[in-house]
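Biologist: Could you take me through this model one feature at a time, with the general idea ahead of the particular case?

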Amino acid sequence: MPQQPDTPAPARRPHSLSSAQFAALARGGGDLDTIERLVAGQLSKHLILLGKVAELAQRGDHPDDPLGVAGYQLLAQVQRQAPAAAAEVIGYPTVGAWAIHVIRSSQALSGSALADPAAAAGAALSDVRPSGLAAVAAAAAVRAGLDAEMEVPVLGAGVLLPSLGVAEAVGRTAVVAAREAEVRSGNLRIRTRPGEPGWRELRQVTAGPLSVLVDDLDPLRMPAPDVEPAKRLTPSQLTELREALRAAWPLLPPARAAEIAAIVRVIVPYRASASGHVSTTSPLVFGTVAMSPPPDRYSCAETLVHETQHLKLGALLDLVTLTRPDNGQRYYAPWRPDPRPASGLLHGAYAFLGVSGFWRDQRQSASEPDVRHRAHAEFARWRDGAAAVAATLLRSGQLTSSGETFVETMASLLDEWRREPVPADALVVARHNSERHLVQWQAANGPASAG
């Protein structure tokens, strides 16, 4: 689709990383310039996806497709007049997942490597169409305070404005008056302000420099089929989440805290599972961490590190191919109950590289003796597990040349850490837990493949 003055403009230069930035990421880190490049790459990805959705709207396959065309034009206007407000909405995690759903549903990207989140969202998204571009544009216009009105589709009993919230609505369409921040349908006039009747906003929580929206509304807030997101949090549950994040934040080293604050934009609440605390991310919603209430501040901080590692690697994989096409081979991962492909193995190893580093820091900084013992044991278990998986990946033949460089750098750091002494009693705990996991895994799956 050729760029016209009235269409949103993606970045004009391709996104790339220097060899030093690539190496820093492989060692589990990355300075803020590196992180900002990953974030910018995801914004461009969303712009490209929205452009594809606009092409579908221009085809006119559905009666309401003109809403999508008008929405795309309004989005371009907001981008010109209030670029920060436009970027805030365009880059919102669920906007990318929604666009992929629309594109995949229309078979415009048949055979694409992009996963389809529809299975996770269920019937609630059965009527999602390109006309939803109007709601994306309306949200941006509201953020910008633009003097504009936008007709938007009503889904179910409401209008979802990405990054803002859901307004009660009736009929098939509603009108969003951006300057007044009002959604109008039938006799309803819903102000998009906290506490207003008929409006459910996405609520914000902060912890140090971390500022996130708690998304407990959007059907696509976490397109992962294995765990169902929690329903709308009560005020007391929201306070508990805020306090958990604030208690965890001081445990993070400054560099790690800075990268988490730069990447994580959304927390999706989960219910705890029968096995305890759960968390996850998805490459479809970059910037989102889903988590159940953590049992303690150390678990909360560890979760933020773990899931941010997944987000970083997912963004990197949009720029650099690290694994070859899946050949069907499956491998043992010491943190999973199921056999994993090489791509999943890489994700796990990278996440637990970060987890190992977190507990390595706590070995020196934790003041409580029981926490220091826990830190020694966790550090020993996960550095050894990640090192073993890195070795498996390097033997697998499933890495590209870039992937080999990346994993070799990971392995080198993990080898350094494996030479660090750990108290004998903590080593006993680490080895016991590792051996128990392997025995349970083999009982369920058979002998583990070493690659």
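Predicted model: local features only at pLDDT ≥ 70, side-chain atom pairs only at ≥ 80, totals over all residues.

Modeller: Residues are numbered from 1 along each chain as its sequence is written, and side-chain values use heavy atoms, with hydrogens and water left out.

Biologist: How does the radius of gyration of the protein chain agree with that of a compact globule?

Modeller: The radius of gyration is taken over C-alpha atoms, and the globule rule is 2.2 Å times the number of residues to the power 0.38. For 451 residues the rule gives a value near 22 Å, and the protein chain agrees with it at 23 Å. Along its principal axes, the C-alpha trace spans about 70 × 45 × 40 Å.

Biologist: What percentage of the residues is buried?

Modeller: Buried means under 20% relative accessible area, with a 1.4 Å probe and protein chains only. In the protein chain, 52% of the 451 residues are buried. As for contacts (heavy atoms within 4.5 Å), among those between residues at least 6 apart in sequence, 69% join residues at least 24 apart.

Biologist: How many helices and strands are there, and which strands form the open sheet?

Modeller: Helices (H or I, at least four residues) and strands (E, at least two) are DSSP runs, numbered from the N terminus; the protein chain has 14 helices and twelve strands. Two strands pair if DSSP finds at least two bridges between them. Five strands form an open sheet in the order E8-E9-E10-E12-E11, with mixed pairing. Its edge strands, E8 (203–207) and E11 (279–280), each pair on one side only. Within the sheet, strand E10 (residues 266–269) runs parallel to strand E12 (residues 288–291), and four bridges join them; Val268 stands opposite Ala290 in E12.

Biologist: What is the phi of Ser163, and is the residue buried or exposed?

Modeller: The phi of Ser163 is near 80°, a positive value in a residue other than glycine. Ser163 lies in the loop between strand E2 (158–161) and strand E3 (165–168), and it counts as buried because its relative accessibility is 3%.

Biologist: Where is Ala181 found?

Modeller: Ala181 is found in the loop between strand E4 (173–177) and strand E5 (182–185). Although Ala181 is not a glycine, it has a positive phi of about 50°, and with a relative accessible area of 1% it is buried.

How values were computed. Buried < 20%, exposed > 50% of the residue type's maximum accessible area, 1.4 Å probe, protein only.
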